[in-house]
Every structure is written in C-alpha cells, then in structure tokens.
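Dear colleague,

My notes on what was found in it follow directly after.

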Amino acid sequence: MTMMEKIREYLQLSDEVVDDGEAPRVEEFLGKGKSFYEDFSLRGIRVNRVDPGFISCYFKVPLRLTDRDGNLVNGAIANLVDEVGGALVHVEGLPIFVSVDMSIAVLSKAKLGEELEVTSRLLGERGGYKGTIVVVRNKMTGEIIAEGRHSMFGRQASKL
C-alpha cells in the first residue's frame, strides 16, 4: 500500500459523499475500527494530494459541524489541524504521535456548504519531535479561514 493510500484510508472514514447533517448513530460504527468521534468529525474529507512532507485535502462544511449561525465551529477547525497534521507525521507500525502543542489562529468564518482546502506541511523535526503547519482556506475565494501549528512527539523508526 502506498503512502497516499495509507493516508487516504486513515482520513477517509466513509465512502459517503452526501451529508444530510444528521448525526450518525453509535451502533453504526461498532466493529469498523474507527471511533464515533473520528467519523463524526472527519466524514466527507477527501485527500487530494500526498507528497513527502505535504498533504492536501478538501472538506465541505457539513451541517453537523456548524453553529446556529451556519458557521464552522472552532472545535471542528482544531480537529482538522489535529487530524491532518497528525496524518502527515504518522509512521506505520509505530504508535501515533502525541500532541505537545497546538496554536490556532482563526482568521475568518467558513459557512455551511462551502468547500475548504486543508493543507499540512512539515515544518521540521528533531529526534522524535515534529512540527506541522495546517492551513484551512476557502477553496473558491482562497481566503484563509484558519492557520494552525501542531507540535507532536513520538517514537522514531529504528535505523537498523
């Protein structure tokens, strides 16, 4: 399995393209290997491109992740920074990296139904410590919705 296929498998929890905004029932996920939380927050994300140190995804703002004014909630933005940043540094066969610090600047609002581009770049690494920057922008206008820096720590792959 290629790196792009592995990242797609991790991020794309469902083949569902249509989102009616209704929260899925917990029993629908028993035995699938992904948590209710992951499916609820990431359902609908589509991986566009994966290169070493870079991931690009698209995400249409669903009803289930909006506030009463129809704006994407800040917690959903934080989750995108966490999950897409974490997918970038994950090493197969090793435990997932632990978030050490996240700093997120929310610069604009994303409305229900808008398509977002979520990109993650590796800023650097030193030992088991890695840093990423995740940018969430409106795909149509190019306006930056949020920018997050995500620092993580994990085991290094053996050099043997």
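In what order do the elements of the protein chain run from the N terminus on? The order is α-α-β-β-α-β-β-β-β. Please bear in mind that this is a predicted model. In total, the protein chain has 3 helices and 6 strands.

The sheet deserves attention next. The 6 strands form an open sheet, arranged β1-β2-β4-β5-β6-β3, with antiparallel pairing. At its edges stand β1 (46–51) and β3 (98–106), each of which pairs on one side only. On average, neighbouring strands of this sheet are turned by 15° against each other, with direction ignored. Helix α3, formed by residues 74–89, packs on the sheet and touches β2 (54–60), β3, β4 (115–126), β5 and β6. The direction of α3 makes about 50° with that of β6.

Within the sheet, the antiparallel strands β5 (residues 129–138) and β6 (residues 144–153) are joined by 9 bridges. Which residue of β6 does V135 stand opposite? The residue is E147. As background, strands of a sheet pair through backbone hydrogen bonds, either parallel or antiparallel.

As for the chain as a whole, 40% of its 160 residues count as buried. Its accessible surface comes to about 9,400 Å², and 52% of this belongs to carbon and sulfur atoms. Of the contacts with a separation of 6 or more, 64% are between residues 24 or more positions apart.

Finally, some remarks on aromatic rings. A search of the whole structure finds 0 aromatic pairs. K139, however, lies over the face of Y58, at 4.1 Å from the ring centre.

Yours sincerely,
A colleague

Notes: Residues are numbered from 1 along each chain as its sequence is written. This is a predicted model: local features need pLDDT of at least 70, side-chain atom pairs count only at pLDDT 80 or more; totals for chains, interfaces and linings use all residues. Side-chain values use heavy atoms; hydrogens and water are left out. Helices (H or I, at least four residues) and strands (E, at least two) are DSSP runs, numbered from the N terminus. Buried means under 20% relative accessible area, exposed over 50%, partly exposed in between (1.4 Å probe, protein chains only). Contact means heavy atoms within 4.5 Å. Accessible areas come from the Shrake-Rupley method with a 1.4 Å probe; for residues, only the protein chains shown count as cover. Rings of Phe, Tyr and Trp (its six-membered ring) pair if their centres lie within 6.5 Å; planes under 30 degrees apart count as stacked, over 60 as edge-to-face and the rest as tilted. A charge sits over a ring if NZ of Lys or CZ of Arg is within 6 Å of the ring centre and within 35 degrees of the ring normal. Two strands pair if DSSP finds at least two bridges between them. Axes are lines fitted to C-alpha atoms, for helices over the stretch in contact, and angles run from 0 to 180 degrees between N-to-C directions.
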